[in-house]
Amino acid sequence: MRLSRREIRSFRNLAHLDVDLPAPGAVVIGENGQGKTNLLEAIYYLVLFRSLRGAKDRELVRFGEAGFFVSGQADGRVTAGYDAATRRKKVTVEGAEAHRLSEAVGRVLAVPFSPADVGVVASGPSARRRYLDVVLSVSEPTYLSRLADLKAALRQRNAALKRGRAEEARAFDAPFAAAAAQVIARRRAWVERRRER
């Protein structure tokens with residue numbers, strides 16, 4: 001899906017921007033602090049509905065504003081807005097609100113690359129797992145849901161263990177194992193497909 005139009009409101013230092021993106025691509029040139037990286041971050045926000053640089057949503061709101069709004073037009077319209085007062089994020093696809101972010105992830109695709117991405121090969125396995133999770137979340141429709149199931153079961157299991165409730169913790173073993181098996185299988189399949197190239 002080629003992103004052809006962007007609307008950005010009150011996102012970091014970008015007050016109001018409507019831009020048509022040409023099919024061949026675009027080059028963004030400007031002085032330091034003019035918003036080049038913020039523009040790229042606003043574009044990427046519609047991929048996973050979170051900051052490219054790991055910032056919290058409230059940190060993306062332009063100073064003095066009540067929230068931010070970003071939208072993209074490609075095969076369909078995808079929007080994301082954040083209200084700082086309620087700390088509520090609203091995502092829509094073709095005008096219909098997505099009740100779970102996993103329903104909207106993967107509608108817009110983008111591949112960012114920054115100096116920090118060297119960590120995928122230079123640092124430990126957690127960076128590689130995170131990379132695979134992002135790639136698979138946007139490319140395989142149900143992966144993000146399975147990953148969320150895995151994390152939820154693990155959180156609940158660990159909480160029960162911290163309370164000293166080993167029997168309660170064992171109740172989460174089966175859901176955790178089922179979700180983990182699917183996540184691991186998809187990660188492995190992705191790696192095997194790339195290894196063959």
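Two strands are taken as paired if DSSP finds at least two bridges between them. On this basis, in the predicted model examined here, 6 strands make up an open sheet whose order is E2-E1-E3-E4-E5-E6, with antiparallel pairing. The edges of the sheet are formed by strand E2 (14-20) and strand E6 (96-97), each of which pairs on one side only. Strand E5, which spans residues 88-93, is joined to E6 by 2 bridges, and these two strands run antiparallel; Val93 has Ala96 in E6 as its bridge partner. Helix H1 (residues 36-48) packs on this sheet, where H1 touches strand E1 (5-11), E2, strand E3 (67-73), strand E4 (77-83) and E5, and the direction of the helix makes about 110 degrees with that of E1.

Divided by class, the lining of the largest pocket holds 31 nonpolar, 6 polar and 5 charged residues.

In the second largest pocket, the space amounts to about 450 Å³. This pocket is lined by 19 residues, with Arg50, Ser137, Leu144, Leu147 and Lys151 lying nearest its centre, and at least two residues of the lining are supplied by each of H4 and helix H5 (143-162). The lining of the second largest pocket consists of 8 nonpolar, 4 polar and 7 charged residues.

Key:
Residues are numbered from 1 along each chain as its sequence is written. This is a predicted model: local features need pLDDT of at least 70, side-chain atom pairs count only at pLDDT 80 or more; totals for chains, interfaces and linings use all residues. Side-chain values use heavy atoms; hydrogens and water are left out. Helices (H or I, at least four residues) and strands (E, at least two) are DSSP runs, numbered from the N terminus. Contact means heavy atoms within 4.5 Å. Axes are lines fitted to C-alpha atoms, for helices over the stretch in contact, and angles run from 0 to 180 degrees between N-to-C directions. Ala, Val, Leu, Ile, Met, Phe, Trp, Tyr, Cys and Pro count as nonpolar, Asp, Glu, Lys and Arg as charged, and the others, Gly among them, as polar. On a 1 Å grid over the protein atoms alone, a cavity is a set of points where a 1.4 Å probe fits but cannot get out, and a pocket is an open set with protein on both sides within 12 Å along at least five of seven lines; lining residues have an atom within 4 Å of a point. Grid points are joined across faces, edges and corners, and a volume is the space filled by probe spheres set on the points.
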